[in-house]
Amino acid sequence: MSEKDPDKPCIAICAGTNCLALGNQAVIQAFKAELAQQELTDKVDIRATGCHGLCERGPNVLIYPEEIYYIEVKPEDVAEIISETVLGKKVVDRLLYTDPLTGEKAVHQTDIPFYKKQTRMIINTNTLIDPQKIEDYLSIGGYTALSKALFEMTPESILNEIKTANLRGRGGGGFPAGLKWETARNAPGEQKYVIVNGHEGEPGAFMDRAIFTGNPHNVIEGLIIGAFAVGASQGFIYTRHDMPQLKENIYTALAQAEEYGLLGDNILGSGFNFHVEVHFDVGIFVSGESSALMRSIEGKNPEPRPKYIRTSVSGIWDKPSNLNNVETWANVPLIINKGHAWYTGIGTEKSKGTKLVSVSGHVKNTAVVEVPMGTTLREIVFDICGGIPGDKKLKAVHFGGAMGGSIPENLLDTPLDFDALSSLGATMGAGGMLVLDEDTSMVQMTRTLLDFLSKESCGKCVPCREGVRQMLKVMDRLCENKGRPGDIELLEDLCEVSRKASLCSLGRTAYSPVLSTLRFFREEYEASIAP
């Protein structure tokens, strides 16, 4: 394991997507220049990290070892931070987070209500490492789970550990990961594949990229362990083509893992061989669907296959293929290192562990949040993300992305739980939460989601291609208050056909935003019918 001097000053600067947009590169360069000018380059570490979570208040800077946390840092603040905090061990008050309710300032990251009320098991490592330095990951115990899996466990015992932990897939409906692994392992054929689905094309979803950009080794370690359990010698990472930082961090991590003997032939001298290829999406949402994604890896058009063909049995090139999303793989090293008993002690009866949620919309703190399963939606919106700006009332939250559902304010005490959300027509999905205030037109919001789904349909099957398009036509009329008598019933009929007859999950859940808003906000639809 790599060792670090815990007393050496380190400046951890958020280099997540939002902080990049807010100008963190200028902040990073200012720190480097100031340290060089004061001949401190060898005495103070600079760490460009992944997302810290508090996206609304970036660029964020965390000073170790005191763990002093500054928000909204600008290049002109850098000289003062170095002289006062790094050298003088004093706090720059004006850069601290101020609680809008109490007026109290928070010196440390863990003092900020946003962080204090979370349970950060996965994203917490982002501030501790430079994602392009494997030594940083090793220094916090990285790849110890892989070593344990290869030398202290069997594929069968790994599989049983994941099953007993009841790790449910974090990218959709929450299917048990262990059962999926078991199906692929028991499927006939020697050649098997494991895949990371890092596509994350859902509007308002940015948790996976926060994990993968900030700590790619965590995901890669989980993938290697999964490959060993399933019996796969080849893996694939399927991710976005339009994020240069994500590409660079993944490629760097893979090269470093191979250099350290953690990937490739005879991993750590165990005799286990495993290789990984990176593939990029073609810019359409449906390419993130499991069978479409696998066709894309094969070099074909990313069109879904009928669902009666299980990819765990017949996936890439008709070989057993196990697909999980980024967050699911990131949980695996934790479970192997700490055990299923520890993991099942977190969450609800049927939904274990934590969940990352990306919160956006009409909310004070746009953020990536990690909380135990069972945390209520109200706690996320108000206690963690600060509530609604402008003293407006909350109307609803739309959970689960374009194919998710809307939940009204009076049901906001619903727990973050696969089954509880599903009962309200809002599947967990990838974990995107869109907060909507009292001025929101639920009809217009639903129309926007349908417009996205219509454009992103692959067009292969009529129920999705034409069904969603016809729903959109009806929504267009309703948004102009020109709805016709019978339009609401027509929407319900179209939803039913799309649900039952579409090939893939895009078409089979495209109805969700319509039916959920009809269920809870039907009066808005009725008010849009022309007299």
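**Values against cut-offs in a predicted model**

Colleague: What makes Tyr-143 count as buried?

Modeller: The relative accessibility of Tyr-143 is 4%. Buried means under 20% relative accessible area, exposed means over 50%, and partly exposed is what lies in between (1.4 Å probe, protein chains only). At 4%, Tyr-143 is under the 20% limit and therefore counts as buried. The model is predicted, so local features need pLDDT of at least 70 and side-chain atom pairs count only at pLDDT 80 or more, while totals for chains, interfaces and linings use all residues. Residues are numbered from 1 along each chain as its sequence is written, and side-chain values use heavy atoms, with hydrogens and water left out.

Colleague: Where does Tyr-143 lie, and what is its phi?

Modeller: Tyr-143 lies in the loop between α5 (134–139) and α6 (144–152). Phi of Tyr-143 is near 70 degrees, a positive value in a residue other than glycine.

Colleague: How do you know that Gly-141 is buried?

Modeller: Its relative accessible area is 18%, which is under the limit, so Gly-141 is buried. Gly-141 lies in the loop between α5 and α6. Its C-alpha atom is 9.7 Å from that of Asn-337, and 196 residues separate the two along the chain.

Colleague: Why is Glu-67 called partly exposed?

Modeller: Glu-67 has a relative accessible area of 37%. Glu-67 sits in the loop between β3 and β4, and has a positive phi of about 60 degrees although it is not a glycine.

Colleague: What kind of peptide bond joins Tyr-64 and Pro-65, and Gly-58 and Pro-59?

Modeller: A cis peptide bond joins Tyr-64 to Pro-65, with omega at about 5 degrees. Gly-58 and Pro-59 are also joined by a cis bond, and there omega is about -5 degrees. Pro-65 is placed in the loop between β3 and β4 (68–70), and Pro-59 in the loop between β2 (45–49) and β3 (61–64).

Colleague: Which residues of helix α8 are buried, and what puts them on the same side?

Modeller: In α8, residues 177–186, the buried ones are Ala-177, Gly-178, Trp-181 and Ala-184. They cover an arc of only 125 degrees around the axis, so they lie on the same side of α8; the arc is that of the directions from the helix axis to the C-beta atoms. The buried residues of α8 pack against α7 (155–165), α10 (216–230), β10 (321–325) and α13 (326–338).

Colleague: Which residues of helix α15 are buried, and what puts them on the same side?

Modeller: Leu-377, Ile-380, Val-381 and Ile-384 are buried in α15, residues 377–384. Their arc around the axis is only 125 degrees, which places them on the same side of α15. Gly-386 follows α15 and has a positive phi, near 85 degrees.

Colleague: What makes Ser-296 count as buried?

Modeller: Ser-296 has 10% relative accessibility and therefore counts as buried. It lies in helix α12 (residues 290–297). Not counting residues up to four places away in sequence, Ser-296 touches Tyr-238, Val-282 and Pro-302.

Colleague: How many helices and strands does the chain have, and why is it called as compact as a globular protein of its length?

Modeller: The chain has 21 helices and 15 strands. Its radius of gyration is 24 Å, close to the 24 Å that the globule rule gives for 531 residues, so the chain is as compact as a globular protein of that length. The radius is taken over C-alpha atoms, and the rule is 2.2 Å times the number of residues to the power 0.38. Buried residues make up 58% of the 531 residues. Among contacts between residues at least 6 apart in sequence, 71% join residues at least 24 apart.

How values were computed
Helix = DSSP H or I, 4+ residues; strand = E, 2+ residues; numbered from the N terminus. Contact = heavy atoms within 4.5 Å.
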